Amino acid sequence: MSLFPPEYVDARVRYRSFMEEHVYPNEAVFGREDAAALALVEELRRRAREAGLWAPHVPPEAGGTGLGFLYYACLNEEIGRSTYAQLVFGCQAPDAGNAEILHLFGTDDQKQRFLRPLVAGEVRSFFSMTEPEVAGSDPTLLRTRAVRDGDDWVIDGHKWFSSGADGAAFAVVFAITDPDAEPHRRGTMILVPVDAPGVEVNRPVPVMGHVGRGWSTHCEVTYSGVRVPVANTLGGEGDAFLLAQKRLGPGRIHHVMRWLGQMQRAFELMCRYANEREAFGGPLADKQTVQNWIADSAAEIQACRLLTMDAAGKIDAGSEARVEVSLLKFYAARVLCDVIDRAIQVHGARGLTDETPLAMMSMMARGARIYDGPDEVHRMVVARRILRSFRDGEGWTFS
Ligand SMILES: Cc1cc2nc3c(=O)[nH]c(=O)nc-3n(C[C@H](O)[C@H](O)[C@H](O)COP(=O)(O)OP(=O)(O)OC[C@H]3O[C@@H](n4cnc5c(N)ncnc54)[C@H](O)[C@@H]3O)c2cc1C
């Protein structure tokens, strides 16, 4: 019996068929990231819209086809199997997280100007928080400043790892607006059109040898005297930490949902190859080390699925699920890297070539242990909250 309601599973089958027909056969083309690849992505986005598979991360009132977190988790096990599929179905990071906070906190005018074209796939966006000069793990250290001048904000700062900034239409910028407030009330989120004078997308920062193009870049961006109306404030002044939590909580689960697809795909490749490849008198599948990798991977993947469903269900029920999300984030990032690495090892040298998707998956996976909070910070969040509950006399139990 499936872990998900039957209607979710039916929807998932439709995504699987689309992936089999249009996505997997074209992975090599997507990977080239040239003009032909971009044109193909556009064509497949049109088909996904026609097939009613567009933007499953947000509900119809925000322009999507979503039915909540659990529904999206179910679909993402399929979508996440191939890196570019999130772009094809219009639910790519970081736009998906930006769409969610715009949907939750945007004014009517912001929804019209920024959310509508974003969800429609007419434009892309980026989330501009991390700075090279200070530790991104501790956003109280951020330096980018926004100062009020009449009805405008004037923004000065230096960011990097602004994913997808190349070719994007607007940024959600985390800027310090009141340096004298208590640390978690100092920042404000501001919507900044990229064509505002003073915004410079300097360069895509190469990551593990990959420069990327458009959506797949991680850019260095400077803001020099950038002037935007105060009406571009997302949420209230001083709410940046609050919004970052609202954005990153669901965003982290979105990532893990996709990683489940990646883990499962690597696992299937590992099992198939272990059965086929022979050495020392029999298939690799007969070697106990390989069997241990397969058994450990199976247990860990299923643990990640159950943790994901637990966190997604709690978020659908209105909880922030801070411990559940952090626990899932650091655990699943590790499992993702381990399962892909075991699959590569079973494939020997072939695992490092582009004859399987494993090398690309491995390159993309490593950042998982760092972006949206390094493993160590999520462990800290989990441990602190659990320890505090014991100090308060309640103790910690998972509901
Ligand atoms: C592929 C990728 C995409 C990204 N996309 C975006 C994006 O779109 N927008 C954006 O704003 N940012 C983005 N980031 C940046 C990411 O969010 C930051 O890298 C992350 O928050 C960590 O910040 P840092 O790199 O400055 O590391 P630092 O904060 O300097 O931390 C360095 C290391 O110190 C250790 N450490 C930190 N705190 C603790 C602690 N409390 N206990 C123990 N050890 C600790 C950890 O091992 C950590 O890896 C992206 C990063 C990557 C890799």
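Me: What span should the 26 residues of helix H10 have, and what is the distance between its end C-alpha atoms?
Reply: In this predicted model, helix H10 covers residues 322–347, and at 1.5 Å a residue its 26 residues should span 38 Å. The end C-alpha atoms are 38 Å apart, which agrees with that expectation.

Me: How many residues of H10 are buried?
Reply: The count is 19 of the 26 residues, so H10 is largely enclosed by the rest of the structure.

Me: Which residues of H9 are buried, and what do they pack against?
Reply: The buried residues of H9 are Val290, Trp293, Ser297, Ile301, Cys304, Leu307, Thr308, Ala311, Ala312 and Ile315. They pack against H4, H10 and helix H8, which runs over 240–276.

Me: Why might several of those positions be three or four places apart?
Reply: An α-helix has 3.6 residues a turn, so residues with that spacing point the same way.

Me: Changing topic: what domains is the protein chain divided into?
Reply: The division is into domain 1 (6–106), domain 2 (125–234) and domain 3 (241–391). The C-alpha centres of domain 1 and domain 3 lie 20 Å apart.

Me: How many residues does each of those two give to the contact?
Reply: Domain 1 contributes 23 residues and domain 3 contributes 25 residues. On the side of domain 1 that touches domain 3, the elements giving two or more residues are helix H2 (27–32), helix H4 (69–79) and helix H6 (95–105). H4 gives the most to that side, with 8 residues.

Me: How does that side of domain 1 divide into nonpolar, polar and charged residues?
Reply: The side of domain 1 that touches domain 3 has 10 nonpolar, 8 polar and 5 charged residues.

Me: Where does the ligand lie relative to the domains?
Reply: Domain 2 and domain 3 both give residues to the shell around the ligand, so it lies between them.

Me: Which residues come nearest, and which elements supply at least two residues of the shell?
Reply: Of the 23 residues around the ligand, Met129, Ala135, Gly136, Ser137 and Gly367 come nearest. Strand E1 (125–128), strand E3 (152–163) and helix H12 (375–391) each supply at least two residues of the shell. By class, the shell holds 12 nonpolar, 9 polar and 2 charged residues.

Me: In which sense do E2 and E3 pair?
Reply: Strand E2, residues 145–149, pairs with E3 in the antiparallel sense over 5 bridges. Arg145 stands opposite Asp156 in E3. E2 and E3 form a hairpin with 2 residues between them, and Gly150 in the turn has a positive phi of about 65 degrees.

Me: Which residues other than glycine have a positive phi?
Reply: Two such cases are Phe280, with phi near 50 degrees, and Asp372, with phi near 55 degrees. Most residues other than glycine have a negative phi.

Me: Are those two buried or exposed?
Reply: Phe280 has 7 C-beta neighbours inside 10 Å and counts as exposed, whereas Asp372 has 24 and counts as buried. Phe280 is placed in the loop between strand E9 (278–279) and strand E10 (282–283). Asp372 is in the loop between helix H11 (358–366) and H12.

Me: Where is the cis peptide bond from Ala93 to Pro94 located?
Reply: Pro94 is in the loop between helix H5 (85–88) and H6. The bond from Ala93 to Pro94 has omega near 0 degrees.

Me: How far apart are Arg12 and Glu43 in sequence and in space?
Reply: Arg12 and Glu43 are 31 residues apart in sequence and 21 Å apart in space, C-alpha to C-alpha.

How values were computed. Residues numbered from 1 in each chain as written. Predicted model: local features only at pLDDT ≥ 70, side-chain atom pairs only at ≥ 80, totals over all residues. Near = placed C-beta within 6 Å. Helix = DSSP H or I, 4+ residues; strand = E, 2+ residues; numbered from the N terminus. Nonpolar A, V, L, I, M, F, W, Y, C, P; charged D, E, K, R; others polar. Domains from an automatic or database assignment. Contact = placed C-beta atoms within 7 Å. Expected span 1.5 Å × (residues − 1). Buried ≥ 20, exposed ≤ 12 C-beta atoms within 10 Å, placed from the backbone. Pairing = 2+ DSSP bridges.
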